[in-house]
Amino acid sequence: MSGDNPRALKITEGIAYFIALDDQPLSAVENIGFRHLLGILEPRYEIPSRHHITTAMLPKVFHDVKKQVSGLLRDVSAVSFTTDIWSSSVCPMSLLSLTVQWIDDNFSLRHATLQAKPFRGSHTSKAIADAFDGMLQTWCIPKTSVHVVLRDNARNMIKGMNDAGLPSLPCAAHTLQLVVHEGLLSQRSVADALAIGRKIVGHFKHSPLAYSCLEDIQLEIGQPAKRLQQDVQTRWNSTFYMIQSLIEQKRALGVFVSEHELPDNLTAHQWALLEKVVTVLGPFEELTRKVSSSEAMAADVIPAVTVLQRFLSRETDDDHGIKTMKGTLAAAVRRRFSDVEEQPLYSIATLLDP
């Protein structure tokens, strides 16, 4: 089957979309199993090289998608954006993302990722503003159509949006991250308990033998075999899930300690502290999930934060041992959300970061 055969062209296009939509490596076209499958489906088809996919097909996919998205945006009078700078510890590259949200003629919420632009050099406010100007020009979107840009709380990003002449709002989820991080570090006893919890989770993460023993114990006492959750510093709710997983496996961990050694162990007082921390952080976790939804609105933030403030201001008998943390959380919520609540944009149903 020749390369310009209509069926061959359709299959090649399908392979390009398969790689793009499913995040497959370009080397997929060289994989033995993939080539074997296509050989069964269409023996006459000659599979293109990864070079052809890279240089010819993926640019065509991008052009087709861009044409489709541009058509959807052509008659939209107001759009909102979310943006962030992404980086990885395993790849020396930063990406500046741009996602657009709008309401269509049927009053349905729509969104699309427009770009993930390589962002080289220093992440200065001027560099961010210039890059943003370039992305808007690429998509022929005038600044007058930009309702708001959702960004993080970094000073360079705030100034970058100001330099670009674009209205912007801080990401509520990122603000919550800063609030909780501040609260968890405010009380030494809580911070120490969390540090021990991380050591315990790390022990099982790095020792397959220890995890196998814990799994056997879980099954013996009638609990489902579940791994302990490791937290990530940049995501506060992962710390919440780590504490939850430790509390769920408290009985199994107790049996494990009676038979094996751990690098450290939680005292009865520290277990009680972590249980109280989970109770206090529960509303934060619920709010984080809500504002991280693809259907979240900026208008949801003010009432949710108000409820959060009332919850933190209530004193209960269970506050013993975590009063400092709870007070710091309440103060941080008031301080970090006070400015944005006064912005008129927050009274409008603007999209939050999906």
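User: What do β1 and β2 form, and how many residues are between them?
Analyst: β1 and β2 form a hairpin with two residues between them. Strands (E, at least two residues) and helices (H or I, at least four) are DSSP runs, numbered from the N terminus. Please note that this is a predicted model, in which local features need pLDDT of at least 70 and side-chain atom pairs count only at pLDDT 80 or more, while totals for chains, interfaces and linings use all residues. Residues are numbered from 1 along each chain as its sequence is written, and side-chain values use heavy atoms, with hydrogens and water left out.

User: In which sense do β1 and β2 pair, and over how many bridges?
Analyst: They pair in the antiparallel sense over nine bridges. Two strands count as paired if DSSP finds at least two bridges between them. Tryptophan 86, for example, has leucine 95 in β2 as its bridge partner.

User: What about β2 and β3?
Analyst: β2 and β3 run antiparallel and are joined by nine bridges. Here leucine 95 stands opposite proline 118 in β3. These two strands also form a hairpin, with five residues between them. In that turn, phenylalanine 107 has a positive phi of about 60°.

User: Do β1 and β4 run parallel or antiparallel?
Analyst: They run parallel and are joined by four bridges. Phenylalanine 81 stands opposite valine 149 in β4.

User: Changing topic: is threonine 83 buried or exposed?
Analyst: Threonine 83, which lies in strand β1, counts as buried because its relative accessibility is 5%. Buried means under 20% relative accessible area, exposed over 50%, and partly exposed in between (1.4 Å probe, protein chains only).

User: What does its side chain reach?
Analyst: The side chain of threonine 83 reaches the backbone oxygen of serine 97 at 2.7 Å. Leaving aside neighbours within four places in sequence, threonine 83 is in contact (heavy atoms within 4.5 Å) with residues including Phe132, Val149 and Met157.

User: Which residues of helix α5 are buried?
Analyst: In α5 (residues 155-163), the buried residues are Met157, Gly160 and Met161. They lie on the same side of α5 because they cover an arc of only 95° around the axis, taken from the directions from the helix axis to the C-beta atoms. Arg155 and Asn162 are exposed on the other side of α5.

User: What do the buried residues of α5 pack against?
Analyst: They pack against β1 (79-88), β2 (91-103), α4 (125-138), β4 (146-151) and β5 (168-170). After α5 comes glycine 165, whose phi is positive, near 70°.

User: Last topic: how many disulfides are there?
Analyst: A search of the whole structure finds zero disulfides, a disulfide being a pair of cysteine sulfur atoms within 2.5 Å. Cysteine 171 counts as buried at 11% relative accessibility, and cysteine 213 counts as partly exposed at 21%.

Technical notes
Polar contact = N/O pair within 3.5 Å; in protein donor to acceptor, adjacent residues only side chain to side chain.
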